[in-house]
Amino acid sequence: TFELLFRLITYKFRKLPDFYVFGEMKCGTTSLSKLLNKIGCKGPFSLINHFMSVDKESNYFLGIQGLQFTKPKYYSMCFPFKFNPFTTHHNNKLFD
């Protein structure tokens, strides 16, 4: 898709996450993800559309069959830009 190609081209201008949440099945990671989304934290772009991984998992290292760009240097393609010129203010609801 166009979005995938655009993200691949702009990977150098994107940031990596501030923190990672690791967990097993049934340990509350989905609840934590929903709570973080409510306060404004966004999850990664997912290469694979799956109802359980929306704004939660990038599935990046699973890769896509036939495409060989699952290298660690391209991992930042799943995240927002380092600087967003369209954002005029910092919206951090954690400290309100």
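User: How many disulfides does a search of the whole structure find?
Analyst: This is a predicted model in which local features need pLDDT of at least 70, side-chain atom pairs count only at pLDDT 80 or more, and totals for chains, interfaces and linings use all residues. Residues are numbered from 1 along each chain as its sequence is written, and side-chain values use heavy atoms, with hydrogens and water left out. With a disulfide taken as a pair of cysteine sulfur atoms within 2.5 Å, the number found in the whole structure is zero.

User: Which parts does the pair of Phe6 and Phe81 tie together?
Analyst: Rings of Phe, Tyr and Trp (its six-membered ring) pair if their centres lie within 6.5 Å, with planes under 30 degrees apart counted as stacked, over 60 as edge-to-face and the rest as tilted, and by this rule there are five aromatic pairs. Phe6 and Phe81 are edge-to-face, at 6.2 Å centre to centre and 70° between the planes. Because these partners are 75 residues apart in sequence, the pair ties together helix α1 (residues 2-9) and the segment after α2.

Definitions and conventions
Helix = DSSP H or I, 4+ residues; strand = E, 2+ residues; numbered from the N terminus.
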